[in-house]
Amino acid sequence: MPTLEWIGKSKVINHHQEVPFRVLERKYSFDENGQHDEDNGSENMIIRGDNLEALKALLPRYEGRVKCIYIDPPYNTGNEGWVYNDNVNDPKIKKWLGEVVGKEGEDLTRHDKWLCMMYPRLKLLQKLLADDGAIFISIDDTEISNLRLLMDEVFGANNFVTTVIWHKNYAPKSSAKFFSEDHDYITVYAKNKMAWIPNLLPRTEEQDKIYKNPDNDPRGLWRPDNLSARNPYSLGLYSITCPGGRVIPGPPAGRYWVVSEEKFKQMDADGRIYWGKDGNNIPAPKRYLSEVKQGRVPQTIWEYEEVGHTQDAKKDLKAIFDGEMPFDTPKPYRLIERILQIASDSDSIILDSFAGSGTTAHAVLNMNKADVGHRKFILVEMMDYADSITAERVKRVIRGYGEGKNAVEGTGGNFSFYDLGEPLLVGDCLNEAVAPEIIREYIWFMETKQPYSPPSGGNPYYLGQHNDTGYHFYYEPQRVTVLDYAFLSTITEKADGTVIYADRCSISEDKLAKMGVTFKKIPRDISRL
């Protein structure tokens, strides 16, 4: 399989493993009571900070749980003037490239920089995605070819699903030098293509209008299908005698009947073949409307009439922000709703790590209101406007916006806003500034790869049981802990095996082995993400 090479690749290919694990610090929550300091327990999150570090921070709770990921990364067009800098020359990215790639980074082209930025983020997104989930990436011609090769490397070429063409402009650009670029791409990959099943889309009235019933078939409306196709089929070559007497010697040159002769005769006996009014037409299998009413298969060309265009997105944003336009390149929320219709369920977790103006949260809230769903959103935005634009939009969507005839009713809902906090480890030591409960969640995940749920009971050091093994984290920030017989006597939880983390151990390995106990030293034996 072809692989993509670029300057700096060797420095970033494993960089996602070197990113420090930082805790998430909740700054405030928002719900029907407005903004407040108290934790409302919301599972909706908006995170301000470097999306690489934020994605790493999400792993203990969300690895393998995100059903749908949508990202709208920088298109790398070279355009300099936007709030969301679109050529990877933002000072934060330049600083990151200098630290990670080093002096070699001084020779990077614009495309090298973009690839260095994207690769480790895609690696972490792949980890967060559920086995039956899919990722949708907006992009244009500038990086579409590089993105495909990059995604083939990270997700596997066999997990490529399709590339959607979104008709984003409703009028051609008269100022275009060569062609008016009226579309963007949305590249789609599954975590495991064999496990991902896209949802069918609702049918439209226009699609149903093509179904008729010229022969008064009691089974209802139908449309004619084509009996022949170009796909070679060994049983698809035979002559057909029409009811009116006409003999059709076989399918047209280079084509084949799509069913065997035996299957065709059975369909005709069942009244599923239409021969035309005179009985001498080329036979057409009937496709009944009742058989497709459950929905329609998603197509790869999305017209703006159905999913919105760029001007729709700007109009919506101006309405939300009282006539102001705080963000230059928003996506229409109907576009994201289409993605969620295809790739999420009513209780799915949806992640957007290039959140921009917060369109993804807007789409999630709209859909939850429409079908009383419980979808959860996680947004990450590294720019300073994460609170003033991204979160502010979500607040206004939740409580409603506009006045008079232009008023839009609120969706309801809630979220919590987070900053990236302290690193869990400082050098080789646990950071005492990090709350023990956060460390416990991390230890549990590293041992079990399962989300942490604090066990009931009075043992403050017990993490829980997984696969018949009990886990204990004997940690106190201000004193040295020792695994000794006195500590063992406090363990009342029964399990086939026991893993105990502590600073020290005063019991020999032989005796521990006889008791089915494994000692792990803090911090030496704490695994790194």
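**View 1. Helix H15 and its neighbours.** The buried residues of H15 pack against H3, strand S22 (429–430), strand S23 (462–466), strand S24 (469–473) and strand S26 (497–502). Here buried means under 20% relative accessible area, with exposed over 50% and partly exposed in between (1.4 Å probe, protein chains only), and contact means heavy atoms within 4.5 Å. Helices (H or I, at least four residues) and strands (E, at least two) are DSSP runs numbered from the N terminus. This is a predicted model, where local features need pLDDT of at least 70, side-chain atom pairs count only at pLDDT 80 or more, and totals for chains, interfaces and linings use all residues. Residues are numbered from 1 along each chain as its sequence is written, and side-chain values use heavy atoms, leaving out hydrogens and water. H15 itself covers residues 436–448, and its buried set is Ile439, Arg440, Glu441, Tyr442, Ile443, Trp444, Phe445, Met446 and Thr448. From first C-alpha to last, the 13 residues of H15 reach 18 Å, close to the expected 18 Å; that expectation is 1.5 Å times one less than the number of residues.

**View 2. H3 alongside H5.** H3 (residues 51–62) and H5 (residues 110–128) pack with axes 10 Å apart, at an angle of about 15°. Axes are lines fitted to C-alpha atoms, for helices over the stretch in contact, and angles between N-to-C directions run from 0 to 180 degrees. The two helices, H3 and H5, are therefore roughly parallel (under 35 degrees; over 145 is roughly antiparallel, 65 to 115 roughly perpendicular, the rest oblique). H3 contributes Asn51, Leu52, Leu55, Lys56, Leu58, Leu59 and Tyr62 to the contact, while H5 brings Pro120, Arg121, Leu124, Leu125, Lys127 and Leu128. By class, the H3–H5 contact splits into nine nonpolar, one polar and three charged residues (nonpolar: Ala, Val, Leu, Ile, Met, Phe, Trp, Tyr, Cys and Pro; charged: Asp, Glu, Lys and Arg; polar: the others, Gly among them).

**View 3. H5 again, this time with H6.** H5 and H6 (residues 144–156) have axes that come within 10 Å and cross at roughly 35°. On the H5 side sit His111, Trp114, Leu115, Met118, Tyr119, Leu122, Lys123 and Gln126; on the H6 side, Asn146, Leu147, Leu150, Met151, Glu153, Val154 and Phe155. That makes 10 nonpolar, three polar and two charged residues in the H5–H6 contact. The buried residues of H6, including Ile144, Asp152 and Gly156, pack against H5, S5, strand S6 (160–167) and strand S7 (183–190).

**View 4. H13, a largely enclosed helix.** H13 is largely enclosed by the rest of the structure, because 10 of its 13 residues are buried: Thr359, Thr360, Ala361, His362, Ala363, Val364, Leu365, Asn366, Met367 and Asn368. The end C-alpha atoms of H13 (residues 359–371) are 19 Å apart, in agreement with the 18 Å that 13 residues should span. Just past H13, Val372 takes a positive phi of about 55°.

**View 5. Ala134 in strand S5.** Ala134 lies in S5 (residues 129–139) and, at 0% relative accessibility, counts as buried. Leaving out residues up to four places away in sequence, Ala134 touches Lys67, Cys68, Ile69, Leu129, Tyr189, Ala190 and Trp196. Lys67 is 67 residues from Ala134 along the chain, yet their C-alpha atoms are separated by 6.7 Å.

**View 6. Lys9, a buried lysine.** Look in H1 (residues 9–12) for Lys9, which counts as buried at 8% relative accessibility. Lys9 touches Leu4 and Glu153, again not counting residues up to four places away in sequence.
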